[in-house]
Amino acid sequence: MKTAKPTNRRNFLLAAGLGGAGVAAAVVTGTRKPGREKIAAAEAQPSGYHVTEHIQKYYKTTEI
Amino acid sequence: MSAQVAVAPVAMQRMLPPEEAARGDFYALLAGLFVTSPSGALLANLAAAGPIDGESALARAWQGLVDASKAMDAEAAAFEYDELFAAVGKAPISMYAGYYLGAPAIDHPRVRLQADLAALGLARAGRVSEPEDHLGGLFEVMRVLVAGAPGRKPSPLAEQKRFYQAYLEQAAAAFFTALAAAPQANYYRHAAAVGAAFMALESQSFQLD
């Protein structure tokens, strides 16, 4: 009778969420470049990320 | 009438199991975030990424990074990266494993790393000026060991484990802790959370074999 290969490590990793397609999709190089409107969108929908003073100052220096 | 068909040899690459492919992807992602600041393409793809199933620390950290990526662009990320890792004088956060390993000059991990990388058939690319113990480079090495590369098979798990425990486990954990606490960190707090959660999984999973 064939014995099953131990899969503890595999099961552990799969249970932790590794194996989904999210990361793979994220690291594939794309072409879309988010613009400044993304900042406003994030402020409208709080996500834990915040626009700091230094980022705002930086944007001021890039305004034409 | 008979047709002649030229048959080109096909190089078959064995598919990685999904969890191993995901490990390789995570290392690629960490390299993409820490070798240099993330490109606009990487940020956009992160912003569009789906969730990781479950309530694990990695799933929560991942969602934080995805949400933060929706609000970030490459220029702002580069600004933050420079403030954290490339400030004039002493950078607030060191990106070198040797720093976190309390490396003595006489037995600096870079010395062992150069020999270890050579034994693995790897070397720093000619255009790279950073020392071998740059954490971004170490993530990239792990990506190659886990997922392989064109013409190169993934390394055996024992080899991955040895490299990870020798150079990354302690240093990366300390690096991500320091980064998460850095007052200059904003977007990179989320990158640190993902890195710390993933490294914790790696450390635990290597104990299971």
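Q: Arg143(B): buried, exposed or partly exposed?
A: Partly exposed, with a relative accessible area of 24%. Buried means under 20%, exposed over 50%, partly exposed in between (1.4 Å probe, protein chains only). This is a predicted model: local features need pLDDT of at least 70, side-chain atom pairs pLDDT 80 or more, while totals for chains, interfaces and linings use all residues. Residues are numbered from 1 along each chain as written, chains are lettered from A in the order written, and side-chain values use heavy atoms, without hydrogens and water.

Q: Which side chain does Arg143(B) meet in a salt bridge?
A: Glu140(B), at 2.8 Å, N to O. A salt bridge is a side-chain nitrogen of Lys or Arg within 4 Å of a carboxyl oxygen of Asp or Glu. Both residues lie in helix α7 (residues 135–147) of chain B, three residues apart, about one turn. Helices are DSSP runs (H or I, at least four residues), numbered from the N terminus.

Q: How many salt bridges over all chains?
A: Seven. One of them joins Glu19(B) and Arg10(A) at 2.7 Å, N to O. That pair crosses between chains, from helix α1 (residues 18–34) of chain B to helix α1 (residues 8–15) of chain A.

Q: And Glu19(B), buried or exposed?
A: Buried, at 3% relative accessibility. Arg10(A) is partly exposed, at 37%.

Q: Switching topic. Where is Gln160(B) found?
A: In helix α8 (residues 157–181) of chain B. Gln160(B) is buried, at 3% relative accessibility. A polar atom of its side chain lies 2.8 Å from the backbone oxygen of Ser155(B).

Notes
Helices (H or I, at least four residues) and strands (E, at least two) are DSSP runs, numbered from the N terminus. A polar contact is a pair of N or O atoms within 3.5 Å; within protein, one must be able to donate a hydrogen and the other to accept it, and residues adjacent in sequence count only if both atoms are side-chain atoms.
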